[in-house]
Amino acid sequence: MATEATNGAAAGETNGAAKEKTVTFTSLKPQLFVESSKASDAVAFYKAAFGAEEVNRVSHPKRKADQELPLLLSAEIKLGSSSILISDLTDDSTALVKTVGTGLVFCLETEDIEAAVDKAVKAGAVADGEITEGEGACCGGRVGKVKDPYGVVWLICNPAKKCVDVEA
């Protein structure tokens, strides 16, 4: 579903000014940077641990003499209906961030949390605590937490229920 942005005005509203062009976004793709030369390994991990599907890969056409593998500029993977870009982080990278896997948490929804956590651990993730239940767990459901080999935290929870505002 596309979302339209109109710089704060409702669609079609002009307030006497020239009508601004509507901008339509068709998707949002977070980009995850992992330590240089490990992006291909990360893609393989996400396939094994979470059943991700690789839909696109762009490698750097040249590689430095000291590198065994070509640099992975980006690999697009799909998890459910969402896409994530995975890239190698290098010293000369144009990435806006220069750190690996910090300040980022992904939440995956599934009906079988135990099996999903077990599969991720068998693929190389580390379980972080027990599966919990409560308000802080993906809108009140059950949640398991794993950290992948690249430092990214993954919350694995039941499909989110519709959150409702509670009057104070």
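Mentor: Begin with the terms: helices, of at least four residues, and strands, of at least two, are DSSP runs numbered from the N terminus. The model shown is predicted. Its secondary structure comprises two helices and eleven strands.

Trainee: In what order do the elements of the protein run from the N terminus on?

Mentor: The order is β-β-β-α-β-β-β-β-α-β-β-β-β.

Trainee: Which strands pair with E11, and in which sense, parallel or antiparallel?

Mentor: Pairing requires that DSSP find at least two bridges between two strands. Strand E7, residues 105-109, pairs with E11 in the parallel sense over five bridges. Within that pairing, cysteine 107 has leucine 155 of E11 as its bridge partner. Strand E10, residues 142-147, runs antiparallel to E11, and five bridges join the two. Here valine 146 stands opposite tryptophan 154 of E11.

Trainee: How many residues lie between E10 and E11 in their hairpin?

Mentor: Five residues lie between them, and glycine 151 in the turn has a positive phi of about 90°.

Trainee: What share of the contacts with a separation of 6 or more comes from residues 24 or more positions apart?

Mentor: Such residues account for 54% of those contacts in the protein.

Note on methods
Residues are numbered from 1 along each chain as its sequence is written. This is a predicted model: local features need pLDDT of at least 70, side-chain atom pairs count only at pLDDT 80 or more; totals for chains, interfaces and linings use all residues. Side-chain values use heavy atoms; hydrogens and water are left out. Contact means heavy atoms within 4.5 Å.
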